[in-house]
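Please keep the sequence and the model in view while reading.

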Amino acid sequence: MNGIDFSLDEGETRAIVGESGCGKSVTAYSIMRLIASPGEIVGGEIIFAGTDLLRLTEEEMRRMRGNRISMIFQEPMTSLNPVLSVGNQVAEGLRLHRRLSRGEARAAAVEILGQVGIASPERRFDDYPHQMSGGMRQRVMIAMSLACRPQMLIADEPTTALDVTIQAQILELIDRLKEENRMGLILITHDLGVVAERSHKTAIMYAGKIVEYAPTLELFNNPLHPYTEGLLNSLPQNSRPGEPLKTIPGFVPNLIEQLPGCGFCDRCPVKCWECRESLPEMKEVGTGHMVRCWKFR
Amino acid sequence: MNDVIIETSALRKYFPVKSGPFGKKLLLKAVDGVDLHIKRGETLGLAGESGCGKSTVGKLLMGLIPPSAGVVNFRGRALYGMGKEERSAFRKDVQMIFQDPFSSLNPRMRVGEIIGEPFAIHGLAAGARRREKVIELMAKIGLAEEHYYRYPHEFSGGQRQRIGIARALAVSPQLLIADEPVSALDLSIQAQIINLLMELKQEYRLSFLFITHDMSVIRHLSDRIAIMYLGKIVETGSRADVLDRFLHPYTEALLSAVPHPAPYASKQRIILRGDLPSPLNPPSGCPFHTRCPYAEQICRSEPPPLKEHEPDHLAACHFSTKLFR
Ligand SMILES: Nc1ncnc2c1ncn2[C@@H]1O[C@H](COP(=O)(O)OP(=O)(O)OP(=O)(O)O)[C@@H](O)[C@H]1O
Ligand SMILES: Nc1ncnc2c1ncn2[C@@H]1O[C@H](COP(=O)(O)OP(=O)(O)O)[C@@H](O)[C@H]1O
Ligand code: SF4
Ligand code: SF4
Ligand SMILES: [Mg+2]
Ligand SMILES: [Mg+2]
């Protein structure tokens, strides 16, 4: 996940798209400074509202997390505490960051649970996560992460585990809350449909690197990186039913045995000798359109 | 050409479950009266939200679990009236491909043994002849001969799914049941596997039951489609009938919820209220009435029958014609 340069204004949405295991979650966790050892952030800076997050003390960072920057995780069941009622999990952050009393926090948590679409939230307050459906758990996660009205939300595959009709509800909800709170949103996903509909600018990741970054409309209309192009072409929507899909040949490389050159080299239809030797830099090709490929230099 | 290879009638599967540690036994109606059929060489796409009973239908058609009621007929013969020999032939003719290429292959067996196992089970080929057939199959699905002695963990997800497909094809089945065969795969690998399945279907004149929740995949490879909701089929018909001229509000909502990979494609989205009801306690009347934007009084009490509104186009809604024609 090296060499990432990613800026976000309030009220805007950025998306990170890529195959599973390509490093999307690691990118998000490093913004939250949640990388577990032996992972390590080796360089760079993460500026949030004028502060470099990498220079904050652990204590300062703790105050930041869940308060001004919040995160929704991929798997609601493993991120919720199974032995604490969902209401108390939402209330906990409010008591910690907003110093509300027990009663105030409960009232505020009930209100937020209602806002995220949990029916009869007073009654549901004392439920445990296992008593809820996947969609409801994801809503509880959202309630938790939005309780303190963060300025920035990182949503890591917030709907991957959910059905499309529930996904549509949750994405609408995040969008609405984003508008209301003027919140910046980083959306991590592998669903190009979600990206096309929800994000202003999009980064495409492959083998641990951002390979293309552009305004979303530009990215879909004018994909430059051979991986992005291949991926868009391979969608069933871009072939007639029953006809062979346009595929990207080969396999996804694993990140462990990383070679010096371009990570897409083995599968790329237009590679040249340089591609295998050294990794291209991100280069601005059009206005705000960045690409990491030797074809563009 | 149009002969039916497999069909079900009033198929039901109820699972007894306990509600809570001291709760009474309840029946979970995973499949609740399903009629479907697949013709020779045809792909039936089965779609619906998680827990609606798709995989259970797949297992019933495979004969992996017995139905609580109803029948499965394979080429006109009742699956649960078959004698031993007929049953063994059935197990060769119907094969399954699973969603998870990581857990569905035996980690201690070599790839050659995995693909060759069905030959052994059905006593079809042995020794050098079996090895030859396995290598032939491996070539067909894009694996080299040198992979014969490798173990599953040495392969990527897409390759493991190919191994599963080769294994299913080994005994020249007539019907393949594929339960979410691409959902667990990497984005750029899904298209490869979809193409492989379509090629093999042509080559072997296979019939397919293709289970998925991905509407773009189902559009791409189905001839006919069945949409399930809470254990019941709510709409079925040709691909074009179901996807472009639907007659059921749930089909409409499902299609409208799918995000389109084309930025700013303007689209009126129907956002359903509420969650999928529990199959332990399904709603009265029409099972969709708790979320349906068009529900009326009658929907709460009268279950709508699955009715043929147009030739081979069936829907279970009181207001199909009024709403969509
Ligand atoms: N704690 C960890 N220790 C070691 N490696 C890790 C750790 N967390 C992630 N990785 C590795 O880092 C790579 C990127 O993982 P990451 O979870 O970011 O991928 P992802 O793109 O979000 O995938 P998915 O969509 O499957 O969740 C993977 O190869 C993964 O195995
Ligand atoms: N062995 C079982 N015992 C109890 N309930 C089951 C069993 N198998 C499936 N179910 C239930 O049946 C319903 C349908 O399951 P399934 O067919 O697996 O759904 P899906 O459409 O996601 O594939 C679900 O509510 C599921 O929990
Ligand atoms: S750098 Fe070379 S191999 Fe990599 S995407 Fe560009 S052309 Fe292809
Ligand atoms: S029968 Fe009524 S509730 Fe059911 S789908 Fe039709 S309109 Fe909706
Ligand atoms: Mg992840
Ligand atoms: Mg299933």
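In chain A, 51% of the 297 residues count as buried. The model is a predicted one. Chain A holds 12 helices and 10 strands. Among its contacts with a separation of 6 or more, 62% are between residues 24 or more positions apart. The chain exposes about 13900 Å², and carbon and sulfur atoms supply 51% of that area.

One strand of chain A is E4(A), residues 69–72. In a regular strand, side chains alternate between the two faces of the sheet. In E4(A), A:Ile69 and A:Met71 point one way, A:Ser70 and A:Ile72 point the other way, and all are buried. E4(A) pairs with strand E5 of chain A, residues 152–156, in the parallel sense and over four bridges. Within that pairing, A:Ile72 stands opposite A:Ala155 of E5(A).

E3(B) covers residues 43–47, and five of its five residues are buried. On one side are B:Thr43, B:Gly45 and B:Ala47, on the other B:Leu44 and B:Leu46, and both faces are covered. Which strands pair with E3(B)? One is strand E8 of chain B, residues 207–211, which runs parallel to E3(B) and is joined to it over four bridges. There, B:Thr43 has B:Phe208 as its bridge partner. Another is strand E9 of chain B, residues 224–229, also paired in the parallel sense over four bridges. In this case B:Leu46 has B:Ala226 as its bridge partner.

B:Arg205 is found in the loop between helix H6 (187–204) and E8 of chain B. Its phi is near 50°, a positive value in a residue other than glycine. B:Arg205 is partly exposed, because its relative accessible area is 47%. B:Leu230 lies in the loop between E9 and strand E10 (232–238) of chain B. B:Leu230 is not a glycine either, and its phi is positive at about 45°. Is B:Leu230 buried or exposed? With a relative accessibility of 8%, below the 20% cut-off, B:Leu230 counts as buried.

Next come the ligand sites. Ligand 2 has 13 residues around it, and those that come nearest are B:Ala30, B:Gly51, B:Lys54, B:Ser55 and B:Thr56. By class, the shell divides into six nonpolar, five polar and two charged residues. For B:Cys52, a backbone N or O atom lies 3.4 Å from an oxygen atom of ligand 2. For B:Gly53, the corresponding distance from a backbone N or O atom is 3.2 Å. For B:Lys54, a polar side-chain atom lies 2.9 Å from an oxygen atom of the ligand. On its own, ligand 2 has 560 Å² of accessible area, of which the protein covers 64%. Strand E1 (4–18), strand E2 (25–39) and helix H1 (54–62) of chain B are the elements that give two or more residues to this shell. H1(B) gives the most, with three residues.

Around ligand 3, the residues come from chain A and include A:His225, A:Cys262, A:Cys265, A:Cys268, A:Cys275 and A:Cys293. Also in this shell are A:Lys271 and A:Trp294. The shell divides into nine nonpolar residues, one polar and one charged.

A:Thr216 lies in helix H10 of chain A, residues 216–221. A:Thr216 counts as buried because its relative accessible area is 0%. A polar atom of its side chain lies 3.4 Å from the backbone nitrogen of A:Lys201. Leaving out residues up to four places away in sequence, A:Thr216 touches several residues of chain A, including A:Val195, A:Ser199 and A:His200, and also B:Pro263.

B:Ala253 lies in helix H9 of chain B, residues 249–257. With a relative accessible area of 2%, B:Ala253 is buried. Beyond four places in sequence, B:Ala253 touches A:Thr165, B:Ile270 and B:Leu272. B:Pro293 is 40 residues away along the chain, and its C-alpha atom is separated from that of B:Ala253 by 9.3 Å.

Key:
Residues numbered from 1 in each chain as written. Chains lettered and ligands numbered in written order. Predicted model: local features only at pLDDT ≥ 70, side-chain atom pairs only at ≥ 80, totals over all residues. Heavy atoms only, no water. Near = heavy atom within 4 Å. Polar contact = N/O pair within 3.5 Å; in protein donor to acceptor, adjacent residues only side chain to side chain. Areas by Shrake-Rupley, 256 points an atom, 1.4 Å probe, with all protein chains shown as cover. Nonpolar A, V, L, I, M, F, W, Y, C, P; charged D, E, K, R; others polar. Buried < 20%, exposed > 50% of the residue type's maximum accessible area, 1.4 Å probe, protein only. Pairing = 2+ DSSP bridges. Contact = heavy atoms within 4.5 Å.
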